[in-house]
Amino acid sequence: MGPKKRKLGRGVAIVGAGMSRFGVFKEKASRDLFVDAFLAMKASVDKGIDVSMIEALYLGNLTSDLFEGQCHLAPIMADWLGMVPKPATRFEDACASGGVAMREAIIAIAAGFYDVILVGGVEKMSNLTTAQVTDALASAGDILYEVPSGFTFPGFYAAIATAYMHKYGAQPDHFMSVGLKNHHNGALNPKAQYQSTIEDLMAKRISKLKEKGGAAPAWGDVWDFLRDGDANPVVAWPLRLFDCSPITDGAACLLLVAEELAGSFTDRPVHLIGTGQGSGSAMHGRADVTSLEGARAAAAEAYQMAGVTPQDIKIAEVHDCFTSAEIIASEDLGFFGRGEGSRAAFEGATARTGKKPINTSGGLKSKGHPIGASGVAQAVEIWTQMREEAGKRQVKNVDLALTHNVGATGGTCVVHIYERR
């Protein structure tokens, strides 16, 4: 018996989307960031939305318990938005928490249980030191097998990267090219944590050294800068600083409604036509660590439901917690063949002007990665692109798009497919 062919019971559409600025905000709590995102979403609804019209809140969050010492986050957010006594539920699936919250909202609306759901994601990470954040994130790994081996998450993804290099002949420069691209995109995103290209960061470093009377570094170009162990130190070989997503505070919101009601909110909705979710084994149980089984399963389910192929997708936001992860995602999603994603990225195929633009927002690498918000923020970028409101980072004629949100080392993956009609 083959896998069941699933379909949505009724159509679901996004009629509003917004996010807070991503970055480090010591003065704000997660509820402040969430209100910022909600107000941005509310302003995006062309015909307006009253809070009383929202029937439920589905919130993605990894661990406000550890980051802020605050459990039971969803009803607190509902209270701050004036939604009480509407139901509010927190979803936790590591870095895929936001994507899972969105998927569950799609299912609830498609099933006819709700008509209007606020989907949100939030994480306030900067309260802790880098070492403490590392420990908090490690709780999303397998604490019986993965964590005791001594790996941090950069270590896990470095192991994946080295396995990929060994199998397919990729080089560290292939991974660095993803960081270069995503910083170029993030520089054009007013909500991104890093709004500078790596070339800009190199120029600033040179300027500061000159101001201090030091000798200018012998960097002939940006590649010399990226290969410099002082400017771009190794975090876990082959991954360097500019291969890693940052510690980020931020929130994002979407307003999902039954498709037949979308016209009450906007004449330009974005339709959700496919959703898929898959799981994967801990790393010690995988026959091949250069691909995520859960991602392949999620993509297959979403493509089947939407009735489209990888070649039909115009743009994608994928989970680039590390640059190597974007390359592997591009292959798991079927955009490129096995071992071809690294070369495609290096040659510009995934740039905004390439044949398959990936992470026009700047991705987790440049836009930032507030864990529970990342999957929702991916959908905010798709909404922005499909409504042709992305400014200088706008890609032309985006009628089909995809988001790919991964939890931990690949234990969870969610894929959504979007259509503009």
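Let us start with one word: a residue is called buried when its relative accessible area is under 20%, exposed when over 50%, and partly exposed in between, using a 1.4 Å probe and protein chains only. The model shown here is predicted, so local features need pLDDT of at least 70 and side-chain atom pairs count only at pLDDT 80 or more, while totals for chains, interfaces and linings use all residues. Residues are numbered from 1 along each chain as its sequence is written, and side-chain values use heavy atoms, with hydrogens and water left out.

**View 1. Asp332 and Arg338 form a salt bridge.** A salt bridge is a side-chain nitrogen of Lys or Arg within 4 Å of a carboxyl oxygen of Asp or Glu. In this pair, the closest N and O atoms are 3.0 Å apart. Asp332 is buried because its relative accessible area is 7%, whereas Arg338, at 36%, counts as partly exposed. The structure holds 22 salt bridges.

**View 2. Glu326 and Lys181 join two helices.** Helices (H or I, at least four residues) and strands (E, at least two) are DSSP runs, numbered from the N terminus. Glu326 belongs to helix α11 and Lys181 to helix α7, 145 residues apart. The closest N and O atoms of their salt bridge are 3.0 Å apart.

**View 3. Arg387 meets Asp46 and Thr266.** The side chains of Arg387 and Asp46 form a salt bridge of 2.9 Å, N to O. Arg387 sits in the loop between α14 (374–386) and β10, and Asp46 in the loop between α1 (30–44) and β2 (56–60), so the pair ties together parts that are 341 residues apart in sequence. Arg387 is buried at 6% relative accessibility, while Asp46 is partly exposed at 43%. Both residues belong to a network of salt bridges that also links Arg268 and Glu389. Look next for Thr266, in the loop between β7 (249–258) and β8 (270–279). With 1% relative accessibility, Thr266 is buried. Its side chain makes a polar contact (a pair of N or O atoms within 3.5 Å; within protein, one must be able to donate a hydrogen and the other to accept it, and residues adjacent in sequence count only if both atoms are side-chain atoms) with the side chain of Arg387, at 3.5 Å.

**View 4. Arg240 reaches towards Asn232.** Arg240 is found in strand β6 (residues 239–240) and is buried, at 16% relative accessibility. Its side chain reaches the backbone oxygen of Asn232 at 2.9 Å. The C-alpha atoms of Arg240 and Phe175 are separated by 9.5 Å, although these residues are 65 residues apart along the chain.

**View 5. The largest nonpolar core has 57 residues.** A nonpolar core is a set of buried Ala, Val, Leu, Ile, Met, Phe, Trp, Tyr and Cys residues joined through side-chain atoms within 4.5 Å. Which residues have the most contacts inside this core? They are Tyr157, Tyr303 and Ile417. The largest share, 8 residues, comes from α6. A second, separate core of 40 residues includes Ala101, Ile106, Ala252 and Val414. In soluble globular proteins, nonpolar side chains tend to be buried together.
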